[in-house]
Amino acid sequence: MMRNRGQLFIVSAPSGAGKTTLCNALLERFPDIRFSISYTTRPPRADEREGIDYHFITEEEFMKRTEAGRWAEWAEVHNNFYGTSSESLNETLSEGYDILFEIDVQGTFQLLKRYPDSVTIFIMPPSYDVLKRRLESRSTDAKDVIATRILNAEKEMAEKDRYRHIIVNDQLSEAVEEFVSIIEKYR
Ligand code: ADP
Ligand code: 5GP
């Protein structure tokens, strides 16, 4: 049954913990949940496509949108800018869809101010070593980029207790089932 307004599900994690993998698995299980496609000034990775993974924009365009107040939330993360368009968010919510965000901790707290009943989920890696290995094996980022992301991981993980749910992504299939059962509780 469609409600007047959809539910917001917000997922955060340090880079490499597996949030994209888990979110993709979740969206396959719940095809009627809409994924919030963020805007970013980060260059696309080889396997990323415009308008599917992100909207890739210049820093100049990002600043213009910031000045015009077009973000529901935005943040600087790992030396790049990321933001959620207010217009797209309002449109998706007014259509009654549930929406899944994959955003950082700063963005989460901005969205929670506007939508305090959002369901927040933090994904943890089983250990730092595993996190580092996953970032390296993904082979999408340069060494210095990986180093920045690992440095930021500790700061991000310090916020995990402010999230409603925490999933440790060790065995992928188990983490997916845990994620699915959390989402089911709210639908
Ligand atoms: P994030 O979106 O959090 O940066 P990704 O989803 O891109 O992380 O995952 C980082 C890397 O780790 C990818 O290569 C992915 O295939 C791998 N990965 C994700 N979850 C697991 C898991 N449970 N076990 C082993 N490898 C995983
Ligand atoms: P990546 O570059 O690995 O895709 O993402 C880097 C970080 O930026 C991740 O923590 C991701 O969740 C976050 N991020 C992606 N989109 C947004 C967004 O729209 N807003 C905010 N605040 N963070 C985002």
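Visitor: What should I know before we start?

Guide: This is a predicted model, where local features need pLDDT of at least 70, side-chain atom pairs count only at pLDDT 80 or more, and totals for chains, interfaces and linings use all residues. Residues are numbered from 1 along each chain as its sequence is written, chains are lettered from A and ligands numbered from 1 in the order in which they are written, and side-chain values use heavy atoms, with hydrogens and water left out.

Visitor: What makes a residue part of the surroundings of ligand 2, and how many residues surround ligand 2?

Guide: A residue is near a molecule if one of its heavy atoms lies within 4 Å of it. Around ligand 2 there are 17 residues, and the closest are Ser38, Arg42, Tyr54, Tyr82 and Arg149. Strand S5 (71-77) and strand S6 (80-85) each give at least two residues to this shell; strands (E, at least two residues) and helices (H or I, at least four) are DSSP runs numbered from the N terminus.

Visitor: What kinds of residues make up the shell around ligand 2?

Guide: Five are nonpolar, five polar and seven charged. Here Ala, Val, Leu, Ile, Met, Phe, Trp, Tyr, Cys and Pro count as nonpolar, Asp, Glu, Lys and Arg as charged, and the others, Gly among them, as polar.

Visitor: What about ligand 1: which residues are the closest?

Guide: Ligand 1 has 13 residues around it, the closest being Gly16, Thr20, Thr21, Arg138 and Asn169. Three residues, the largest share of the shell, come from H1. By class, the shell holds three nonpolar, six polar and four charged residues.

Visitor: How do you know that Arg138 makes a polar contact with ligand 1?

Guide: A polar side-chain atom of Arg138 lies 2.8 Å from an oxygen atom of ligand 1, so the pair meets the cut-off. A nitrogen atom of ligand 1 is also 3.3 Å from an N or O atom in the side chain of Arg134, and a nitrogen atom of ligand 1 is 3.4 Å from a polar backbone atom of Leu172. Alone, ligand 1 exposes 560 Å², of which the protein buries 75%.

Visitor: Why are S1 and S7 called paired strands?

Guide: Two strands pair if DSSP finds at least two bridges between them. Strand S1 (residues 8-12) and strand S7 (residues 99-102) are joined by four bridges, so they count as a pair, and they run parallel. Phe9 stands opposite Leu100 in S7.

Visitor: Why do S2 and S9 stand at the edges of their sheet?

Guide: Five strands form this open sheet, in the order S2-S7-S1-S8-S9, with parallel pairing. Strand S2 (34-35) and strand S9 (165-168) each have a single partner strand, so one side of each is left without a neighbour in the sheet.

Note on methods
A polar contact is a pair of N or O atoms within 3.5 Å; within protein, one must be able to donate a hydrogen and the other to accept it, and residues adjacent in sequence count only if both atoms are side-chain atoms. Accessible areas come from the Shrake-Rupley method with a 1.4 Å probe; for residues, only the protein chains shown count as cover.
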